[in-house]
2 protein chains.
Amino acid sequence: MQIAIVLFDRFTALDAVGPYEILSRAPGAETVFVAERTGAVRNDSGSLALVADRTLDDVPAPDLLLVPGGPGQSDQMENENLLGWLRAADATSTWTTSVCTGSLLLAAAGLLDGRRATSHWLALDMLGTYGAEPTGERVVLDGKYVTAAGVSSGIDMGLTLLGRIAGDEHARAVQLLTEYDPRPPYDAGSPEKAPAALVEEFRTGSRFSLR
Amino acid sequence: MQIAIVLFDRFTALDAVGPYEILSRAPGAETVFVAERTGAVRNDSGSLALVADRTLDDVPAPDLLLVPGGPGQSDQMENENLLGWLRAADATSTWTTSVCTGSLLLAAAGLLDGRRATSHWLALDMLGTYGAEPTGERVVLDGKYVTAAGVSSGIDMGLTLLGRIAGDEHARAVQLLTEYDPRPPYDAGSPEKAPAALVEEFRTGSRFSLR
């Protein structure tokens with residue numbers, strides 16, 4: 001099984017690396033980071049770079065494709081080279097997946113028309129304008145399309161999908177090996193749980209100096 | 001505040017990127033990936049590479065140093081260049097931290113003598129042989145030394161530490177932005193919760209084909 005994880009300038013690192021750490025442990029998986037050009041691709045803060053080992057053209061037909069999100073997603077929404085690759089790869093994929101605002105790129109490519117899907121909580125409205133049916137769930141499966149909510153949710157998506165791919169026992173083994181027994185010290189990880197004033201600060205944009 | 005994240009061959013990617021995604025969002029943080037040589041550093045599977053932008057020598061006195069783990073840790077336990085850097089950086093650091101078997105490197109450098117600390121659940125016994133007092137907790141603070149359990153626990157460590165560094169409100173804002181409201185589809189993330197037979201397979205080494 002070939003897994004292709006798409007990189008683009010100003011992606012969010014955990015969107016890609018969270019599910020990578022889980023899905024790359026599927027039996028027989030060959031995981032490859034791809035981008036328009038090979039070489040280092042910088043994340044949203046510029047302080048992290050992941051290496052794309054192959055170009056998009058080098059990997060035309062992965063079994064599983066994963067699109068992370070991040071602030072740089074907005075620059076790709078009309079990039080026909082990337083969107084065309086997503087359409088072509090999706091035509092033969094077993095699974096087409098995204099984390100965070102990566103779903104906006106799948107939607108921009110026309111792949112989520114009429115499908116239930118999710119995204120970062122701040123991007124759910126926009127997901128709807130691109131033809132998907134947004135839901136507030138953390139991980140959404142609609143046929144072969146698997147979308148995750150913001151950033152850290154890619155780990156839950158990865159484990160959910162690994163169970164489908166490799167079975168529950170293997171998924172549990174990977175959960176144990178990665179010691180994924182989360183204990184957040186706060187309980188503010190969703191707009192329903194966080195203080196309303198904080199949610200509002202993000203919605204109005206006054207908090208975006210965080211990155 | 002300067003944050004240095006140490007890379008070495010065959011590190012585990014999520015060990016580094018989980019807390020990176022949280023801690024790099026501290027106000028005024030400058031985060032830098034460091035290694036003995038600059039350039040791409042491959043992870044435990046070889047399919048992922050993070051770029052080290054600076055050498056260890058370039059970053060002699062970070063405010064916060066973070067050592068990830070991974071199978072490659074064992075090759076570094078007598079690497080005096082790295083261990084010497086850890087000792088020197090620790091001499092002036094505000095926080096000295098690790099994820100997973102990264103704590104074994106801190107311990108090998110003599111930095112955890114007599115301190116409460118944690119590691120990947122499979123490495124807790126070895127942590128004790130290097131002079132630390134192992135505990136099974138997910139995140140352990142002992143003075144300025146903050147150690148996390150396996151792989152994914154670095155996210156909890158990052159958020160705990162961000163609260164100390166930047167205050168609870170900022171930490172909650174980062175939790176919300178990264179949508180860290182985990183919902184694992186299984187409940188096998190610790191040796192206490194996983195099926196006993198699975199835990200035993202790891203302890204006897206028969207499961208290490210996972211990577």
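Predicted model: local features only at pLDDT ≥ 70, side-chain atom pairs only at ≥ 80, totals over all residues.
Is A:Val151 buried or exposed? A:Val151 is buried, with a relative accessible area of 5% (buried means under 20% relative accessible area, exposed over 50%, partly exposed in between, with a 1.4 Å probe and protein chains only). Residues are numbered from 1 along each chain as its sequence is written, chains are lettered from A and ligands numbered from 1 in the order in which they are written, and side-chain values use heavy atoms, with hydrogens and water left out.

**View 1. A:Val151 sits in a loop of chain A.** The loop runs between strand E11 (145-148) and H5 of chain A (helices, H or I with at least four residues, and strands, E with at least two, are DSSP runs numbered from the N terminus). Most residues other than glycine have a negative phi. A:Val151 is not a glycine, yet its phi is positive, at about 35°.

**View 2. B:Cys100 also has a positive phi.** Its value is about 60°, and B:Cys100 is not a glycine. Look for B:Cys100 in the loop between strand E7 (95-99) and helix H3 (102-108) of chain B. With 5% relative accessibility, B:Cys100 counts as buried.

**View 3. Chain A meets chain B.** Here 71 residues of chain A are in contact with 71 residues of chain B (contact means heavy atoms within 4.5 Å). The two chains bury about 6,100 Å² between them, 58% of it on carbon and sulfur atoms; buried area is the accessible area (1.4 Å probe) that two parts lose on being put together, summed over both. In chain A, the residues that lose the most area to chain B are A:Leu176, A:Glu179 and A:Tyr186, together 14% of what that side buries.

**View 4. A salt bridge joins A:Arg42 and B:Asp53.** Their side chains meet at 2.7 Å, N to O (a salt bridge is a side-chain nitrogen of Lys or Arg within 4 Å of a carboxyl oxygen of Asp or Glu). Across the interface of chain A and chain B, the rule finds six salt bridges. Among the elements giving two or more residues to the side of chain A that touches chain B are strand E3 (39-42) and helix H6 (168-177) of chain A. H6(A) gives the most to that side, with 10 residues.
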